Amino acid sequence: MRLYQQFRTAIKLTESNRLDKEDADVVWFDSFLERLRDGKNTDDDWMRMRDLGSRDTLRYEQWRQRGFANDDVVHLYTTNKEVSKRNLYCLQQKKKPIVRINSVNTGKGKQATPNQAGGLVSSLFLCEGAKIILIKNVAQQVGLCNGSTGTIAAFVFVNDKPPPNLPQYVIVDFGDSYKGKPLFGDDTDKAGWVPIFPETHEWQSQNSTNLNEMAKHSRSMLPIRLCYAWTIWKAQGQTLKCKIVVNLGKTEKEHGLTYTVLSRVTKASDIGIVGFFPKDRLIDKVAKQAKMKTRIAEEKRLNVIVKCTIRELTYM
């Protein structure tokens, strides 16, 4: 038995605070997402979503006017290859010198994946004006949280250590997202400028030559990534208050993939869909994903525990 299945107390969250309550489509979009979770979308749902944001349905002029053709619109993909291609394309459109920045590693840090290294990547390609996202909480009290976005304003390297060495810090313009005191004088154009310093993640593993010892590893890198494009899985948990362009692919590669994508935004009109989007992609492929029945059955089990929890709390 899995450990969490031994829990006998559960709370169910029933209200979505992500959606824009002022949006004209909010009631429909909220119910649409609820149906999407359980694979119960209708023909009307598909037609409305298609007419609202599918590039194959909208004329190019509508697509452009809605802002989906802009280079800085976030694109979500199902593969890292597509993400890398899009990020590099957008970087090149800046028409500025691109620098490669390498991480500093100890032990087996160089071979580690970002997941092993606390989200820190082994190398980055950046330029001034590049759009980035913080991957760690830097200063939550002033709005610099995991998921905050900004643009690179400047690089500061140690004199004798130019790229691809790790810079001393980079200056990022977070605009109105930064709620702290100005750090670069009274220039209002620099009110959102903040220096972002490299961070170090350390971990241990079993020493292959001496089982009684633990081997130590580390990676030091800027806690940022380009954010013109993300994988759908990296977007999970994020609230994107902007236009997005999504490519769902031909199949539901993982349970909840379509729901994760379409529920990142605050309103339905911010979703632009490219690629394959016939009716069965939204309806049949989602409902018939292999893990759907298992998840619904588990949710029913948890709902029973929720009712018991509410009853216990009511009569305490």
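A: Let's begin with one residue. Asn 87 sits in helix α4, which covers residues 80–92. Keep in mind that this is a predicted model.

Q: Is Asn 87 buried or exposed?

A: Asn 87 counts as buried, because its relative accessibility is 9% and the cut-off for buried is under 20%.

Q: So which residues is Asn 87 in contact with?

A: Leaving aside neighbours within four places in sequence, Asn 87 is in contact with Leu 226, Cys 227, Tyr 228 and Ala 229. With Ala 229 there is a polar pair: a polar atom of the Asn 87 side chain lies 3.0 Å from the backbone nitrogen of Ala 229.

Q: OK, zoom out. How many helices and strands does the protein have?

A: The secondary structure comes to 9 helices and 14 strands. The protein has 316 residues, and 41% of them count as buried. Its C-alpha trace spans about 65 × 60 × 40 Å along the principal axes.

Q: What about the accessible surface?

A: That comes to about 18,500 Å², and carbon and sulfur atoms make up 50% of it.

Q: And the inside? Which residues touch the most other members of the largest nonpolar core?

A: Those are Phe 29, Phe 32, Met 49, Leu 76, Ile 244 and Ile 271, in a core of 33 residues. At least two core residues come from each of α1, α2 (43–53), β1 (74–77), α5 (232–235), β13 (244–246), α6 (257–262) and β14 (271–273).

Q: Which of those gives the most?

A: Helix α1 does, with 6 residues.

Q: New topic: charges. How many salt bridges does the structure hold?

A: There are 13. In general, side chains of opposite charge can pair when their charged atoms come close. One of the salt bridges is between Lys 243 and Asp 270, with the closest N and O atoms 3.4 Å apart.

Q: Where are Lys 243 and Asp 270 in the chain?

A: Lys 243 is in the loop between α5 and β13, and Asp 270 is in the loop between α6 and β14. The two are 27 residues apart, and the pair links distant parts of the chain. Asp 270 is buried, at 7% relative accessibility, whereas Lys 243 is partly exposed, at 25%.

Q: Show me another pair. What do Asp 280 and Lys 285 form?

A: Their side chains meet in a salt bridge, with 3.7 Å from N to O. Asp 280 is partly exposed at 29% relative accessibility, and Lys 285 is partly exposed at 29% as well.

Q: And which residues are linked in a network of salt bridges?

A: Arg 37, Asp 38, Arg 295 and Glu 299 are. Arg 295 and Glu 299 are separated by about one helical turn, because they are 4 residues apart in helix α9 (residues 292–314).

Q: Where is Lys 95, and is it buried or exposed?

A: Lys 95 lies in the loop between α4 and β2 (99–102). Lys 95 is exposed, because its relative accessible area is 69% and the cut-off for exposed is over 50%.

Q: Last one. How far apart are Ala 24 and Lys 267?

A: In sequence they are 243 residues apart, but in space they are 8.9 Å apart, C-alpha to C-alpha. Ala 24 is in the segment before α1 and counts as exposed, at 77% relative accessibility.

Notes
Residues numbered from 1 in each chain as written. Predicted model: local features only at pLDDT ≥ 70, side-chain atom pairs only at ≥ 80, totals over all residues. Heavy atoms only, no water. Buried < 20%, exposed > 50% of the residue type's maximum accessible area, 1.4 Å probe, protein only. Polar contact = N/O pair within 3.5 Å; in protein donor to acceptor, adjacent residues only side chain to side chain. Contact = heavy atoms within 4.5 Å. Core = buried A, V, L, I, M, F, W, Y, C linked by side-chain atoms within 4.5 Å. Salt bridge = Lys/Arg side-chain N within 4 Å of Asp/Glu carboxyl O. Areas by Shrake-Rupley, 256 points an atom, 1.4 Å probe, with all protein chains shown as cover.
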